[in-house]
Amino acid sequence: MGSAVTHAPAMEDLTRDSEPRHGLAKPRPSAALKRRRRRDNLAGYLFMSPWIAGFLLLTAGPMAASLYFAFTDYNLFDAPRWIGLDNFSEMFGDPRWRHSVRVTLWYVVVGTPIKLIAALGVALLLAQKRRGQAFYRAAFYAPSLIGASVSVAIVWKAIFSDDAVVDRTQKLFGIDVGGWTGDPDMIIYSLVALTVWQFGAPMVIFLAGLKQVPRELYEAADVDGAGKLRQFWNITLPMISPVLFFNVLLETIHSFQIFSSAYIVGGGAGGNACGPADGSMVYTCYLYVQGFENSRMGLASAMAWMLLVAVALVTAVLFWSQKRWVHYEEGGR
Amino acid sequence: MSAQATDVTPARSTRAAALRRRLPGSLAWHLGSLAILTVILYPVVWVIGGSFKESEDIVGSLDLFPADPITSNYTRLTEGIADIPISTFFMNSLLLAVGSVVGILLSCSLTAYAFAKIRFAGRNLLFTLMIGTLLLPYHVLLIPQYVLFRNMDMINTYTPLLLGKYLATEAFFVFLMVQFMRNLPKELDEAARLDGCGHFRIYWSIVLPLCRPALITSAIFTFINSWNDFMGPLIYLNEPDKYTVSLGLKMFVDQEALADYGGMIAMSLVALLPVLAFFLAFQRYLIDGMATSGLKG
């Protein structure tokens with residue numbers, strides 16, 4: 001496996017292994033070797049046993065149960081009653097569900113690119129080794145650690161409310177739309193702002209990728225007289241494309257699952273669980289309302305499976321597309 | 001080093017021109033960084049300043065810090081929330097966070113050792129499954145896990161929030177540790193095997209000590225994630241004296257939002273302090289851990 005300078009992708013080679021590792025075992029399997037293999041199998045499964053138990057009890061089992069619940073009417077108190085596809089037809093016919101899909105898609109489609117562009121832009125800025133670089137990197141990363149907390153959501157709600165700093169600032173520019181968190185159409189943008197504020201995590205990953213681009217490539221391009229923009233397009237971007245892919249994949253999947261900040265910025269429990277006129281009713285908020293406030297566990301399970309299908313589709317499309325735009329270093333490992 | 005990639009002006013330049021360009025370039029760099037820093041830090045400074053203001057001045061006033069700061073927002077916190085002292089929430093959160101750290105370190109390192117160091121039948125299949133769970137939306141498991149724990153009579157206990165941590169369900173940390181262990185020199189554990197060391201000895205005395213950086217990174221991330229977690233406690237805990245800081249804060253918001261804005265802002269800041277302290281103490285590990293998660297080798 002590679003040395004420290006190897007530029008290698010994370011998502012490509014996860015399952016494969018560099019096989020010829022134990023040089024000891026080549027010709028015919030001796031009795032000693034067989035014994036060692038048996039011991040290794042036993043040890044492997046012993047070490048794995050917590051994970052295997054967790055996978056069966058907390059992942060695979062619940063997934064199977066959830067799939068079953070999706071086709072039942074289940075309120076936690078009476079036994080689940082099989083109702084076929086009724087949950088799905090109710091879901092698709094429910095305007096509130098369709099609204100939550102639109103809000104979530106909008107959040108993903110607007111928020112993720114802005115966040116990643118900000119992350120890449122700032123990473124390019126910080127890639128220049130200047131005094132204070134480490135300090136800025138740490139400071140920019142900090143919001144990613146606290147961004148998911150209830151505290152920050154409360155602060156956000158205040159900053160974006162009527163007459164607070166964002167409202168006053170936009171009034172200076174003659175924009176009089178009021179605070180964002182009280183406006184059904186604008187509240188989603190306060191959540192977009194909240195996710196963009198946390199650009200530090202993808203930025204750190206971009207920075208690590210930028211550090212691995214061989215300097216000679218830029219020197220050669222300088223000699224050839226290629227401008228900085230061309231260098232960015234033809235050297236930097238292809239060289240960091242594995243990291244870009246990783247960031248796009250993780251950030252997109254993550255955005256689909258936004259809950260806490262929408263729930264708190266939107267106001268939380270009760271009739272309007274997520275924002276004025278459902279303005280911040282993201283998918284998981286509605287799932288929470290249906291499952292835990294209305295005790296419709298079957299319907300909520302069906303919703304969860306739709307989310308899984310959506311995320312799986314996006315993941316599949318991204319993996320399929322990576323052949324076209326992600327460049328993995330040959331023989332880097 | 002010359003400005004790379006961000007500087008879009010053509011690079012065809014003599015040394016003198018380069019020199020002339022360097023100073024403004026450096027200035028622009030610092031101005032740009034400072035501008036971003038201002039935006040990034042604004043909410044944090046806002047909450048610090050706000051916690052010393054009268055409730056009615058917090059949202060309306062644009063001054064970051066009040067002319068005459070008050071401390072009553074903080075003294076008010078000693079009364080607790082809904083008759084429960086703040087320290088109860090902090091102890092609950094701390095218990096969960098420390099319990100999570102112990103569980104993650106043990107279970108994920110055992111699993112990672114098996115993936116990275118033992119050749120056993122079915123390893124690749126299990127590894128694929130593990131990576132699959134990394135991409136699985138948590139919400140699919142939310143309802144069936146709730147039903148499971150409810151049937152086991154574990155609502156209002158910390159078991160649902162901790163069990164997964166002891167069963168290595170957080171694939172991200174397994175992945176992080178596998179990456180780290182694969183890059184350890186193989187000669188060490190092979191020599192140990194020839195000396196007759198079993199896998200557990202190798203894991204405990206050789207691999208774990210060498211994995212310290214990965215373990216520290218995982219521990220800090222686990223602590224912070226557990227501290228920030230909102231959805232888990234929201235679903236599983238319903239007695240206020242078992243609430244975590246996040247839930248206590250949410251309860252505060254629901255009860256007092258209009259009456260005691262200042263107390264709420266002060267409490268928000270206090271709730272963030274452990275995370276900020278961890279960040280200041282360990283930012284190197286956090287950033288390096290984050291960086292390696294996207295890269296291999």
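The pLDDT is the predictor's confidence in each residue, on a scale from 0 to 100. The structure is a predicted model, in which local features need pLDDT of at least 70 and side-chain atom pairs count only at pLDDT 80 or more, while totals for chains, interfaces and linings use all residues. Residues are numbered from 1 along each chain as its sequence is written, and chains are lettered from A and ligands numbered from 1 in the order in which they are written.

For chain A, the mean pLDDT is 85, and 88% of the residues of chain A reach 70 or more. Over residues 1-21 of chain A, however, pLDDT stays under 50. For this segment the model has 39 contacts beyond four places in sequence, two residues being in contact if their C-beta atoms, placed from the backbone, lie within 7 Å.

Chain B contains 14 helices and zero strands, where helices (H or I, at least four residues) and strands (E, at least two) are DSSP runs numbered from the N terminus. Of the 297 residues in chain B, 45% are buried. A residue is classed as buried if 20 or more other C-beta atoms, placed from the backbone, lie within 10 Å of its own, as exposed if 12 or fewer do, and as partly exposed in between. Among contacts in chain B between residues at least 6 apart in sequence, 73% join residues at least 24 apart.

The unreviewed UniProt entry annotates residues 27-48, 94-116, 125-143, 163-181, 202-224 and 261-282 of chain B as "transmembrane region"; UniProt positions are given in the numbering used here, feature names are shortened, and annotations may be inferred rather than shown by experiment. In the model, residues 27-48 of chain B are 100% helix and 0% strand, with end C-alpha atoms 30 Å apart. Residues 163-181 of chain B are 79% helix and 0% strand, and their end C-alpha atoms lie 25 Å apart.

M130(B) is located in helix α5 (residues 123-135) of chain B. This residue counts as buried because it has 24 C-beta neighbours inside 10 Å. Leaving aside residues up to four places away in sequence, M130(B) touches A171(B) and V174(B). The C-alpha atom of M130(B) is separated by 47 Å from that of I58(B), 72 residues away along the chain.

Between the chains, 87 residues of chain B are in contact with 98 residues of chain A. Helix α14 (residues 261-293) of chain B supplies eleven residues, the largest share of the side of chain B that touches chain A.
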